Amino acid sequence: MPYRLTIHKIDQSCLFDLTWGQGQRLPVSVPFPPTLLGLYSAWQRAYLGYYKQGMRGRVGATGQVVAAEVDWHSQLKQAEARLLSEFHTWLKDGKLFDLRAELASASQAAEGDPAKTELFITCDPIEIARLPWETWELGQQVQIVRSPPNIRATTGDRQPFRRGKARVLAILGDETGLNFTGERNALDAQNRLLEIHYLGWQPGEDTAALKQRIGRTIADPRGWDVLFFAGHSNESALLDGQVAIAPNTALSIKELAPALQAAQRHGLQFALFNSCSGLDIAQALISLGLSQVAIMREPIHNQVAQTFLVQLLQHLTQFDDVQEALRQASDYLKVKQELTYPSAYLVPSLFRHPDSVPYRIQPVGWRALARRWRPTVYEAVTVAALGLISLVPSVQDWLLDQRVLAQAIYRDRTGQVAADPPPPILLVQIDPETFTRRSIANPRPINRALLADLVTELSDRQAAVVGLDYLLDLPQPDHDPALNQALSRAIEQHQTWPVLISSRNRDFSWTTPYPTVIDPDRILQGNAFIPFRHVLPREAHPDAKTPFSYQLATAWTLRQRAGDATVPRPSLSGPPLETQIQAYERETPLGLPPRAEVHPLTQFSTRFGQHWLQPLIDFSIPPAQIYRTVPAWQLLEDPETALLPLSGLDQTLVMIVPGYYDAAGIGREGDDNFPQPPAIGYWRDRTGQRLLDFTGGETHAYITHHLIHNRLVIPIPDLWLILAAAVAGKALTLYWSQHPPGRLTLATCLAAATVSYGVLALQLYITAAVLLPWLLPSLTLWFYSLPKLKEASHAYR
């Protein structure tokens, strides 16, 4: 937030009038020290005595008395010390305490903020404008810049940076007694970023023609970014200052006013007069509407002017703004060149229009693009923090659960739940009631006589596929023959496809059905492992086992093609069933989703505990759209009622699965009972179901459904979208830097973008089967925009 301080000397007092914000004002009147202007005059005499030759101004006799025995360096240092001591003592007057306190408070509030607090100082009359106000110590975060008492024109909006190099018009004036080689070398050394055009008097050139040429060039419609003048200049109140453009020829700012106003309209943003006594020049140019002007308030020695220019250009071409570059150049004169050029650091001043933004040279070429897009420390920390959070598995699981829950609610509220016919998947659940009715005291391992009865009942009803979600790798001598007979009969008489699960042993081998249960070559077996939130992909690795759900979908697909004589079918003899299917697949695609195959990026990301692009189990679809459930006991006792409205199972994929009993699980008891996903909880609440768990069999049913219906949702990793949001956020901040929005406009745009992206992501999930994460990318965009929101808030206040 800028502060404006007007200092007006009236007789023997000075009125300090500080204004800021929305009408805040603090006027203070303090006595003007009677010795201060005398001390300034003494310093000026010593200054002119030390530098006496090579000045860039027509200095009169005042202060030009030369005496060989005078130590001008010592005289100048003493005069500077006395002047600054008296000046700073005056500024510490107790009556200015509240004013200093307000500025100190602003400085403390701006700590850590790259945008410093600006204090625009306006002095009237010009005698007090000559004082070194830039030396007033008000805190590191307060930047002092000058502004003239009279401003008749508004400054133009800050121009978007000119593509390519900054165009610089360098006017080299009368060189009498001077040498501009240093200026040319300094400017030419920066030709990587500056397009420099020199303009000056040529011997024999008519001065009237020179004036016209200067005016036309300044007003060039192609525009200039920077106007530079080197040479002699002087104050002239009536002519707003004047510059020497040729021997015995001067050009006043009033004469140049039309050309300068045209240049300002064409994009001129900064003028540097590396010449003497430029107070009148700066005040006149700002009054004309130019946004910022750097001048020397006093006569300046040729070597000092060139040293100052070199430092200023170095910082400008390091992409510091002109305000910071001028401060750094002045500090260089003070710290590094104080012995050679004493007091020179007190002379440069920057005048700015109060509505202007400090000019900054923009980088060019691909390096420019890289520099503009390079993240700040804040932006890098933001992306790194959110990126690391997104890689934490527990955070991923929580975000995924909430995202799919939101998807379920959106699907329900927007009426995008399909009214499909009864699903083709039937879950026969062996629940605690089944064990009670069958008088089975120990449900682990599963009683195979019970399985035999279920398989017989299902195959008699022409079940197309029967999956058994139970391991059958150990013997049950009393019941294995019955199960073997049921499975063999289902294969031989009814062409039912049996699919069994398999699991890895500790030696990394795979379990197979015990030989007395069924010959493994007569059935399909699948990996029973479930990543729960994700679909287990099919891998081509020879040691990998095809997922159980994929085998069920394969069996279902082939059963639907039973009329084709080339299609494999289960049999109690002949080549292994798995081998027949592999040979068939080489000739005829099964038509199952390609997304079910493991993606290379998924394989890569598993090394870091990630699941990039691994398909999701879409719990946003209600269970009633996926499967029907039947208690095993009811199927055995009253199959007609249990299977209503189905009359047969020839178009049904049946799975015999555990049904919410505590001992269910392949490894430890209860492993088959997973925590209920939030989206499933939402659907169950809608239908009045009261369950806390979600079984492995139900999960397999979801995956099988997705494979059959080609409904595999691909999740885009949070990290990818965080990076994409960072790019979008950087683009917006760059745009807003050129076109600063209001606070309300910025907040409204961000809120609208966040909501719109959320709705788009919700709909894309349904229509394109792609999950776009919402929370962390949205936070990234907001965090990137927070500095601009803060700037807008400060501007608003």
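What is the volume of the second largest pocket? Start there, and keep in mind that this is a predicted model.

**Exercise 1. Describe the second largest pocket by its volume and its lining.**

Step 1: the volume comes out at about 1,200 Å³.

Step 2: go to the lining, which has 49 residues, with Ser 503, Ala 528, Phe 529, Ile 666 and Gly 667 lying nearest the pocket's centre.

Step 3: ask which elements supply it. Strand S17 (497-502), helix H19 (600-605) and helix H23 (696-708) each give at least two residues to the lining.

**Exercise 2. Find which members of the largest nonpolar core touch the most other members, then look at Trp 133.**

Step 1: this core holds 115 residues, and the members with the most contacts to other members are Phe 16, Trp 90, Leu 119, Trp 133 and Trp 136. Helix H1 (residues 36-51) gives the largest share, eight residues.

Step 2: list what Trp 133 touches, skipping residues up to four places away in sequence. Its partners include Phe 16 and Trp 90, along with Ile 7, Phe 87, Leu 91, Ile 121, Cys 123, Ile 128, Ile 144 and Arg 146.

Step 3: Another one lies apart from it, with 57 residues, including Ile 501, Ala 596, Ile 703 and Ala 769.

**Exercise 3. Work out what surrounds Asp 321, and whether it is buried or exposed.**

Step 1: Asp 321 sits in the loop between helix H9 (302-316) and helix H10 (322-335).

Step 2: check accessibility. Its relative accessible area is 15%, and buried means under 20%, so Asp 321 is buried.

Step 3: look at the polar atoms of its side chain. One lies 3.0 Å from the backbone nitrogen of Gln 323, and the backbone nitrogen of Glu 324 is 2.8 Å from a polar atom of that side chain.

Step 4: Beyond four places away, Asp 321 touches Leu 316, Pro 358, Tyr 359 and Arg 360.

**Exercise 4. Explain why helix H8 (residues 279-288) is described as largely enclosed.**

Step 1: count. Nine of the ten residues of H8 are buried, so the helix is largely enclosed by the rest of the structure.

Step 2: name them. The buried residues are Leu 279, Asp 280, Ile 281, Ala 282, Gln 283, Ala 284, Leu 285, Ile 286 and Ser 287.

**Exercise 5. Decide whether Leu 613 and Asn 710 are buried or exposed, given their positive phi values.**

Step 1: Leu 613, in the loop between H19 and strand S19 (628-631), has phi near 60 degrees. With a relative accessible area of 14%, Leu 613 is buried.

Step 2: Asn 710, in the loop between H23 and strand S23 (714-715), has phi near 55 degrees. At 53% relative accessible area, Asn 710 is exposed.

Definitions and conventions. Residues are numbered from 1 along each chain as its sequence is written. This is a predicted model: local features need pLDDT of at least 70, side-chain atom pairs count only at pLDDT 80 or more; totals for chains, interfaces and linings use all residues. Side-chain values use heavy atoms; hydrogens and water are left out. A nonpolar core is a set of buried Ala, Val, Leu, Ile, Met, Phe, Trp, Tyr and Cys residues joined through side-chain atoms within 4.5 Å. Buried means under 20% relative accessible area, exposed over 50%, partly exposed in between (1.4 Å probe, protein chains only). Helices (H or I, at least four residues) and strands (E, at least two) are DSSP runs, numbered from the N terminus. Contact means heavy atoms within 4.5 Å. A polar contact is a pair of N or O atoms within 3.5 Å; within protein, one must be able to donate a hydrogen and the other to accept it, and residues adjacent in sequence count only if both atoms are side-chain atoms. On a 1 Å grid over the protein atoms alone, a cavity is a set of points where a 1.4 Å probe fits but cannot get out, and a pocket is an open set with protein on both sides within 12 Å along at least five of seven lines; lining residues have an atom within 4 Å of a point. Grid points are joined across faces, edges and corners, and a volume is the space filled by probe spheres set on the points.
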